[in-house]
Amino acid sequence: MSNNFKINSKFRPEGDQPDAIKKLVSGLKAGKKFQTLLGVTGSGKTFTIANVIEKVQRPTLVISPNKTLTAQLVQEFRTFFPKNAVEYFVSYYDYFQPEAYIASTDTYIEKESQINEEIDRLRHAATAALMSREDVIICASVSCIYGLGSPDYYRDTMLEMKLAEKIDREWIIQKLVGMQYVRSDILARGKFRLIGEVLEIMPPAREIVTRIEMLEEKIEKIFEYDFLTGKKITDLKKVLIYPAKHFVVPEKNMGEAFLAIEKELEMRVKFFRDAGKILEAERILRRTRQDIEMMREIGYCNGIENYSLYLTGRKPSEAPYTLMDYFPKNFLTVIDESHVTISQLNGMYNGDRSRKENLINNGFRLPSAFDNRPLKFEEFEKKISQTIFVSATPGKYELLKNEKRKMVEQVIRPTGLIDPELVVKSAKGQIKDANEEIKKVIKEKNRILVTTLTKKMAEDLADFLKENGVKAEYLHSGVDTLDRVRILEKLRYGEFDVLVGVNLLREGLDLPEVALVLILDADKEGFLRSETSLVQTIGRAARNVNGRVILYADQITGSMTRAIDETNRRRILQIAYNKKHKITPKTIKKKIISIVDHEINPHITKDFSEMEALEDISGYIKQREREMKEAAHSLEFERAAIIRDEISQLRKMQIG
């Protein structure tokens, strides 16, 4: 059942938010295809977008550059819209090694992947919501431009059952198997069991079991119960069962697809044999026939997506079906951190194409595998309707679509905080000066970020600071993901005072304790010292009332000039607003929530150390499994991964 979008929040739009909301809504109603919300860090851009969604009442796709930011957006939107459907759609692989062939060494690499079952469940919940209601917000990573099954096939394959309806046992078994459900005595997501006249189905989107009780092939009762507790949830008059996989094909279409695949196979084998490539001809013949046989038997095979051209009824080179095809036509698109996300969307197709060329040229895949692909950027543009770009530093694409003077600005923060004060100092002697500035800020019990140009410099500077009595750590791409999380938490807790990094923009840093940002070698033009990077880095000091930024440079580059001018322009507007409304800025107070409260090594955890016997491990493992599922359900995937690794070590101890 659908509801209208209704925000539930004690906050009301403040600062620039009311004007931004009004302009964006007006632009949507006027039919503008593209708009840009230029919002500074900490100005409440998500809340502004939430208000826009409430006013236009349209299903919305929010695309962001990574899983972590996507999860944060889901949590924020769920807080604003507790009675509406806010779903999470990202790549469901914990680990993914794509199929590949390296011709120089004659090495074939089989596709290898580890699917995160909870993320898979959430993806199904997203498409199920789109099929059943209109008040839907899907927060997605750029994986939303990769191919899914046909939404028409998905919709046509759905199964509806009603009370008093006649139903045939054999037909229902065939129907569920055709929907990619597996019959099993042990229920799990995507499985069903039929014992006597009782049918139980667990759809892929949630751990809720639908139970259908029949009498003489007539449905007498339908109800749902919680799989984990067995507790009954509700009685139903009818139920809609969604397919177990996104890639489903009606039986009549499957036959046509097999004929098309076999025809292409025949042509490809002839091509290789005519070229004297006997090995390649035999390879493609054997592999493809094996896949066809598997699909005939169970309706599925590993790598089935490589036959998506025929299985989805598309024409060669036609754009693949994606998550966007599951939305109604009038959906709204929001591209968060657009200066990063747009470039990601733009680069997906070419990388995928080059990998497949080797596979196809050497007989591992048919040429139609090229059509199993992400969208080209121009195809993406055609699939989206009205779009709002959101960024503190819009890129060239956004500027092209929407002139800067026509962008919707959100410069005033509801907290009254102003952009940090900027100081430019000579790069000669920058390390010595940085050391002195750092010690001043530490005395005030605040934290410091320092950005360098190389990993080696970050490590060396951290060591230098330690030798000079400063508690410092470094952070860069060579540091493991979970170690990065721990380092950031330790900085916030004050276990050390200075964090040195190369590109601190990627870490999703939200550190109100940081009062000073030092940008070394700010005049070295390039990606790390571009206008966009400089403005974003300067913004890391914008959550502290004492925020300052020092740029070390011996010349003022064009990027520096533009970044400094933009920051000073914002400061003038912010200071004037605070003076007019008599606002005294205050540092943001943000609770530190640890996601690594249990170390991977289990022997140091409290519960483990209190065990009286090795036999207690089984009970502890079950407890940790519950906690892992709860963490994943709350989108705390880093914490879930830590617990999963701990469980793995505990099981090894059992075996040992």
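Which residues in α1 meet which residues in α2? I will start there and then work through the rest of the chain. One caution before that: this is a predicted model.

On the α1 side the residues are Gln-17, Ala-20, Ile-21, Leu-24, Val-25 and Leu-28. They meet Phe-47, Thr-48, Asn-51, Val-52, Lys-55 and Val-56 in α2. Helix α1 covers residues 17–29 and helix α2 covers residues 45–56. Two packed helices are described by the angle between their axes and the distance between the axes. For α1 and α2, the axes come within 9 Å and cross at roughly 45°. The two helices are therefore oblique to each other, and the crossing is right-handed.

Now the overall picture. The protein chain has 656 residues, and 52% of them count as buried. There are 20 helices and 25 strands in the chain. If we take the contacts with a separation of 6 or more, 73% of them join residues 24 or more positions apart.

Back to helix packing, with two further pairs. Helix α13, residues 430–443, and helix α14, residues 455–467, have axes that come within 11 Å and cross at roughly 55°. That makes α13 oblique to α14. Their crossing is right-handed. From α13, the residues involved are Gln-430, Ile-431, Asn-435 and Ile-438, and they meet Met-457, Leu-461, Phe-464 and Leu-465 in α14.

The other pair is α16, residues 531–538, with α17, residues 558–581. They pack at an angle of about 40°, with their axes 8 Å apart. So these helices are oblique to each other as well, and the crossing is right-handed. Glu-531, Leu-534, Val-535 and Ile-538 are the α16 residues at this contact. In α17 they meet residues including Ser-559, Met-560, Arg-562 and Ala-563.

Next, the aromatic rings. A pair of aromatic rings is described by the distance of the centres and the angle of the planes. How many aromatic pairs does the count come to? There are 11 aromatic pairs. One is formed by Tyr-154 and Tyr-326, which sit edge-to-face, 5.6 Å centre to centre with 75° between the planes. Tyr-154 lies in helix α5, residues 151–157, while Tyr-326 is in the loop between α9 and β17, so the pair ties together parts that are 172 residues apart in sequence. Are these two tyrosines buried or exposed? Tyr-154 is buried, at a relative accessible area of 0%, and Tyr-326 is buried too, at 2%.

Elsewhere, one aromatic cluster is made up of Phe-34, Phe-377, Phe-380, Phe-389 and Tyr-397.

Lys-232 places its charged end over the ring of Phe-223, 5.1 Å from the centre. Arg-353 lies over the face of Phe-370, and there the distance to the ring centre is 3.7 Å.

Now some single residues. Tyr-146 is in the loop between β8 and α5. Its relative accessibility is 34%, so Tyr-146 counts as partly exposed. What does Tyr-146 touch, not counting residues up to four places away in sequence? The list is Tyr-321, Thr-322, Met-348 and Pro-374. Pro-374 is 228 residues from Tyr-146 along the chain, yet their C-alpha atoms are separated by 4.1 Å.

Thr-341 is in helix α10, residues 338–361. This threonine is buried, with a relative accessible area of 0%. Leaving aside neighbours within four places in sequence, Thr-341 is in contact with Ile-63, Ser-64, Pro-65, Val-142, Ile-335 and Asp-336.

Last, the backbone. Most residues other than glycine have a negative phi. Gln-180 has a positive value, near 75°. This glutamine is placed in the loop between α6 and β10, and at 10% relative accessibility Gln-180 counts as buried. Lys-582 also has a positive phi, near 55°. The position of Lys-582 is in the loop between α17 and α18. Is Lys-582 buried or exposed? Lys-582 is exposed, with a relative accessible area of 78%.

That is the end of the tour.

Key:
Residues numbered from 1 in each chain as written. Predicted model: local features only at pLDDT ≥ 70, side-chain atom pairs only at ≥ 80, totals over all residues. Heavy atoms only, no water. Phe/Tyr/Trp six-rings, centres within 6.5 Å; stacked < 30°, edge-to-face > 60°. Helix = DSSP H or I, 4+ residues; strand = E, 2+ residues; numbered from the N terminus. Buried < 20%, exposed > 50% of the residue type's maximum accessible area, 1.4 Å probe, protein only. Lys NZ or Arg CZ within 6 Å of the ring centre and 35° of its normal. Contact = heavy atoms within 4.5 Å. Axes fitted to C-alpha atoms, helices over the stretch in contact; angles between N-to-C directions. Parallel < 35°, antiparallel > 145°, perpendicular 65-115°, else oblique. Left-handed = near helix turned anticlockwise from the far one by under 90°.
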